[in-house]
Amino acid sequence: MKLSKEEKKCWQKHFRIEKLQDIPTEMSGFTSIDGDADDELMYYFAKRVAIPELYLKCTWVTDEGVEHICKIKKLKELSLIDHRKITKKSIPYFNLMENLEILNITKTEIKLSDLCENLNNQNLNTIFISSEENETNLDEKAIILKEKMPNCNIYLDTYFSTDENGNSINPIF
């Protein structure tokens, strides 16, 4: 079996890989910060590679890429930080990620109210999200989400569950 011209070009661009047998079937994780990771790479990851941790910050990934990401095997931690082209259209794909435990969607176009309406992945135990909601609505929406997903800690406007000294930060719920 050979790689298509498009797939070969993608693996060459991101990893300098030219042959199918050189593509890893598993990676311990993948990180791209201010990088050129895009929807096409997510498609080929989903097709070929199991990745438990995916950390993407300010890349070219959009809602289309999240659709591909939901097919990546063994994905437990997903960070999509500072992606303005990731919207509430991605939420149904988060629901399909059976192994997903940690989701960081800070600085995306997804709001807490969007999660309340559409997110229902019972495997999630931690969510990080930014909010532009006003304080009165914030509590109500967090309670709704917590009722839907009682085993999930929700962190607002932070990227981490610990401070710089390693002390636990309390989730909002």
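Ground rules. I number residues from 1 along each chain as its sequence is written, and my side-chain values use heavy atoms, with hydrogens and water left out. Since the model is predicted, local features need pLDDT of at least 70 and side-chain atom pairs count only at pLDDT 80 or more, while totals for chains, interfaces and linings use all residues.

Entry 1, glutamate 7. I found glutamate 7 in helix α1, residues 5–15; helices are DSSP runs of H or I with at least four residues, strands are runs of E with at least two, and both are numbered from the N terminus. Buried or exposed? Glutamate 7 counts as buried because its relative accessibility is 1% (buried is under 20% relative accessible area, exposed over 50%, partly exposed in between, with a 1.4 Å probe and protein chains only). I listed its contacts (heavy atoms within 4.5 Å): leaving aside residues up to four places away in sequence, glutamate 7 touches Ile23, Tyr44, Lys47 and Arg48. The side chains of glutamate 7 and arginine 48 are joined by a polar contact of 2.6 Å (a pair of N or O atoms within 3.5 Å; within protein, one must be able to donate a hydrogen and the other to accept it, and residues adjacent in sequence count only if both atoms are side-chain atoms).

I looked up the packing of α1 and α2: the angle is about 105 degrees and the axes are 10 Å apart. Axes are lines fitted to C-alpha atoms, for helices over the stretch in contact, and angles run from 0 to 180 degrees between N-to-C directions. The two helices are therefore roughly perpendicular, a label for 65 to 115 degrees. Glu7 is one of the α1 residues making the contact, and Tyr44, Lys47 and Arg48 are among those of α2.

The largest nonpolar core has 47 residues, and Phe45, Ile69, Leu78 and Phe94 have the most contacts inside it. Helix α2, residues 39–48, gives the largest share, five residues. Such a core is a set of buried Ala, Val, Leu, Ile, Met, Phe, Trp, Tyr and Cys residues joined through side-chain atoms within 4.5 Å.

I counted zero disulfides (cysteine sulfur pairs within 2.5 Å).

Conventions:
Angles under 35 degrees count as roughly parallel, over 145 as roughly antiparallel, 65 to 115 as roughly perpendicular and the rest as oblique.
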